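I am opening a notebook page on a structure that is new to me. I will write down each thing that I look up.

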Amino acid sequence: MGQNDLLKGLRDITGESQVKVDEPMSIHTTFRIGGTADYFVMPSSISELQSVLHLLKKSDIEYYVIGNGSNLLVSDKGYDGVIIHLFKNMSAMRIEGNKVYVQAGALLSKVAVQAGRKGLTGMEFASGIPGTIGGALVMNAGAYGGEMKDVVRLVQVMCEDGSFREYTGAEMEFGYRTSRVLHEKSVALEAVLELTPGDPTAIQNRMEELKEARITKQPLNYASAGSTFKRPEGYFAGKLIQDAGLSGFSVGDAQVSEKHCGFVINRGEATAADVADLIRKVQEQVYEKFQVKLEPEVRMLGF
């Protein structure tokens, strides 16, 4: 399939304004880094997404699904293929009793706040995570002692062949920063979250506490992808990096945050190559000093 045919096919499915060509990924990642994606598609419904996946599979074209780009480093040369953006176009949410029915594009923080207003507790941990529900399901997002596996009851996914499946929370095989969706390369579409009735004021207070903790401990005034490394068993990544003497260590404008060594930040003009080089050097130094292998939590695309 030629490029013009692909572009026409994508636009026929989603509408002309929902497909962009040579889209800079720096505006779609919290790192504010990345070259251009050949095509950038924003489906507005599950049926449009299904048609897009069918077209790409038939044409044998690479694709990658993103939400808010909060855990993603895109290479400076960009991405040869199609980025599928599941965000505001697919972010519907409703609350019935103690259950939240929500689409993959909804922001975690928004879901947590809305649930709290309805007197539902259990999502406070997610109130400051910048990702979407879809990304959170794929990675079993967590913070401050809570994680998605605690609240997920049902997930609808679309498999690579365009078919649908429903998994219970147990069937999602949630682990530390992993899930069945990640291994199967399927796309999380919607979830049912089950929360617990609570006092809206107490819930709000807890969210404020966590917000204060984040402001105090994390470098929120710089672009980053959150925690750069997974927590190695028996250790804390940030502590290992600090003990290796790497606080403030930088490559170009990429730097190990002096406020929290678990974060690599973009001081303004960092390239993806700077960040990748910094990550590699941190891994080498930590391994040399402590024989502990740090594994990036950040997903790397186009490298």
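Which residue takes a positive phi just after helix 2? I looked there and found Asp-60, with a phi of about 55°. I note that this is a predicted model, in which local features need pLDDT of at least 70 and side-chain atom pairs count only at pLDDT 80 or more, while totals for chains, interfaces and linings use all residues. Residues are numbered from 1 along each chain as its sequence is written, and side-chain values use heavy atoms, with hydrogens and water left out.

I then turned to its neighbour, helix 1 (residues 3-14), which packs against helix 2 at an angle of about 165° with the axes 9 Å apart; the axes are lines fitted to C-alpha atoms over the stretch in contact, and angles run from 0 to 180 degrees between N-to-C directions. That makes the two helices roughly antiparallel, a label for angles over 145 degrees. In contact, meaning heavy atoms within 4.5 Å, residues including Leu-6, Gly-9 and Leu-10 of helix 1 meet residues of helix 2 including Val-52, Leu-55 and Leu-56.

How values were computed
Helix = DSSP H or I, 4+ residues; strand = E, 2+ residues; numbered from the N terminus. Parallel < 35°, antiparallel > 145°, perpendicular 65-115°, else oblique.
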